Amino acid sequence: MSDTAATAAAALLDRIQAPEGRGREIPDAATREVIGRAPVQSVAELDDAIARARAAQPGWDALGHARRSELLLAAADAIDANAEALAHLLSREQGKPLNGPNARFELGACSAWLRTNAATELPVQVLVDDETLHAELVYKAAGVVGAIGPWNWPLMITIWQIGPALRMGNTVVAKPSEYTPLSVLALLSVMNDVLPADVLIGVSGDRATGARLASHPDIDKVMFTGSTATGRKIIESSAGNLARLTLELGGNDAGIVLPGTDPQAIAEDLFWGAFINTGQTCAAMKRLYVHDSIYDEVVDALAGIAAAVPMGNGLDEENVLGPLQNRAQFDIVSRLVEDARARGARIVTGGEAAPELGELFYRATIVADIDDDAALVQEEQFGPALPVIRYSDVDEAFARANAVDVGLGASVWSSDPETARAAATRMQSGTVWINSHGGLHPMVPFGGVKSSGYGLEFGVEGLKSVSVTQVVSGPGRKG
Ligand code: NAD
């Protein structure tokens, strides 16, 4: 990381942080030093933001698709021009290293998703066109969108929420997680260099701010990404304002390695499917079922990689794993691994904190000989600890993988992709990957089933989800 990026990050921070002595101090996830002060906005300021977004919406809508797309491309250019500074701030605040599938990767995704939003069309759909009737389905802006995000991929997920919303002519009030507000506010500030006033407004606060935004009578649509528990509260609040909801909630993704698979060929992809962003990823693999015939080889291969991958301060270019983002998440991971140990599971590598690296570092951990009832298998660990579970009957493996109440992603692994493909749809999940886990594409819809939420993001489906429909029905060809 160059001094130039650090200086540029400091300049971005100065644009958005609260004045000295005000706001809430935000720590560097790795060193715990204070990075800056997040503004804490009052209810009156939130209400004012929503009123301004409401007032700006008709003008933004009236610009039309072509002009909005141009402006979104300009916003993507602005992100690219500030990518190193934003990656620096993100790395410090969130903890993810600059390199690997982490901070620079996240900034690249922000730009790529926004460019795809700009380029994607949602045409009028002709429903009936005959002698007597011409009926069309038209997609229109929903109005004002409330975007509420988590702390794990704070910039990328914010873009997932706001890009399609802006593209369709909505205005947006975005509330970042209280753990990662600075990098998100900096991202919005950079975008606002090119967007018209009040089209995209950031509001920083805590959980109460999120609750107020979701339940506000003047919010038409809520894009929410976070825990299932919070998602349920947002569903309750939508009874009041009837806001449409897209809920991307928690997961506990399973992977199944079928018999006959070459462990060495898949080990690296298995590892990153689970440990991307140091395991703090919604659709990371959180339970791995491996057939008895290759179980030991897969466990050993994973443990070898886990022990060797560099972990440490994200600003050091060689690191690709970082700390847990916050103390609460660190405590969850420690508790689940200790519980597994107490139940007699085998800690193959890791299984302990790494205090020499910093307060919130936990070593990449592989846990073997663990059963389905263990809390590490049943609960979402959201950190660098993967349970590897043995099975001998393929049907039983699918039944065990599906025996949870969430269903975000899943994966099936085999040296014969056709065998894997044939089995894949047995997984109860919004996405199932074959011989990989967690890869996303801006044109391929993403969303969960069961308690992982509802609604789709990305591509044409993502544009539909931030729209309302109108049927236009008139005389047919006979006139
Ligand atoms: P969280 O639910 O604690 O917080 C998410 C956001 O909701 C924060 O901005 C928070 O301030 C806000 N919030 C809290 N209470 C609220 C309320 N009553 N009303 C409205 N907003 C409220 O989640 P988190 O800990 O930040 O994120 C981790 C969770 O998110 C994990 O379960 C993970 O699996 C999930 N996640 C899901 C996806 C996905 O795409 N499905 C992506 C990333 C993370």
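Let's start with F382. Is F382 buried or exposed? Its relative accessibility is 12%, so F382 counts as buried, the limit being under 20%. Keep in mind that this is a predicted model.

Where does F382 sit? It is in the loop between α13 (375–378) and β14 (385–391). What does F382 touch, once we leave aside its neighbours within four places in sequence? The list includes W151 and N152. It also includes G279, Q280, T281 and C282. K286, L324, Q329 and V333 are in contact with F382 as well. Take L324 from that list. L324 and F382 are 58 residues apart along the chain. Their C-alpha atoms are separated by 9.0 Å.

Next, the ligand. How many residues surround the ligand? There are 29. The closest are G149, E178, S227, T230 and E380. Let me give you some distances. E178 has a polar side-chain atom 2.6 Å from an oxygen atom of the ligand. For T230, a polar side-chain atom lies 2.7 Å from a ligand oxygen. An N or O atom in the R207 side chain is 3.3 Å from an oxygen atom of the ligand.

Now salt bridges. The count for this model comes to 38. I'll pick a few.

First pick: D28 and R92. These two form a salt bridge, with the closest N and O atoms 2.8 Å apart. Which parts of the chain does this pair link? D28 is in the loop between β1 (24–27) and β2 (34–38). R92 is in helix α4, residues 83–94. Are the two partners buried or exposed? D28 has 4% relative accessibility, so D28 counts as buried. R92 has 19%, and R92 counts as buried too. Remember the cut-off: buried means under 20%.

D218 lies in the loop between α8 (207–215) and β8 (221–225), and R54 lies in helix α2 (residues 43–62), so the pair ties together parts that are 164 residues apart in sequence. How accessible are these two? D218 is at 27% relative accessibility and counts as partly exposed. R54 has a relative accessible area of 26%, so R54 is partly exposed as well.

The salt bridge here is 3.0 Å, N to O. R363 is partly exposed, with a relative accessible area of 27%. E356 is at 56%, so E356 counts as exposed, the limit being over 50%.

Some salt bridges join up. Which residues are linked in a network? They are D292, D296, R346, D369 and R390.

Let's look at one pairing. β3 pairs with strand β4, residues 133–141, in the antiparallel sense. Four bridges join β3 and β4. What stands opposite D129? It is H134 in β4. As background, strands of a sheet pair through backbone hydrogen bonds, either parallel or antiparallel.

Definitions and conventions
Residues numbered from 1 in each chain as written. Predicted model: local features only at pLDDT ≥ 70, side-chain atom pairs only at ≥ 80, totals over all residues. Heavy atoms only, no water. Salt bridge = Lys/Arg side-chain N within 4 Å of Asp/Glu carboxyl O. Helix = DSSP H or I, 4+ residues; strand = E, 2+ residues; numbered from the N terminus. Buried < 20%, exposed > 50% of the residue type's maximum accessible area, 1.4 Å probe, protein only. Pairing = 2+ DSSP bridges. Contact = heavy atoms within 4.5 Å. Near = heavy atom within 4 Å. Polar contact = N/O pair within 3.5 Å; in protein donor to acceptor, adjacent residues only side chain to side chain.
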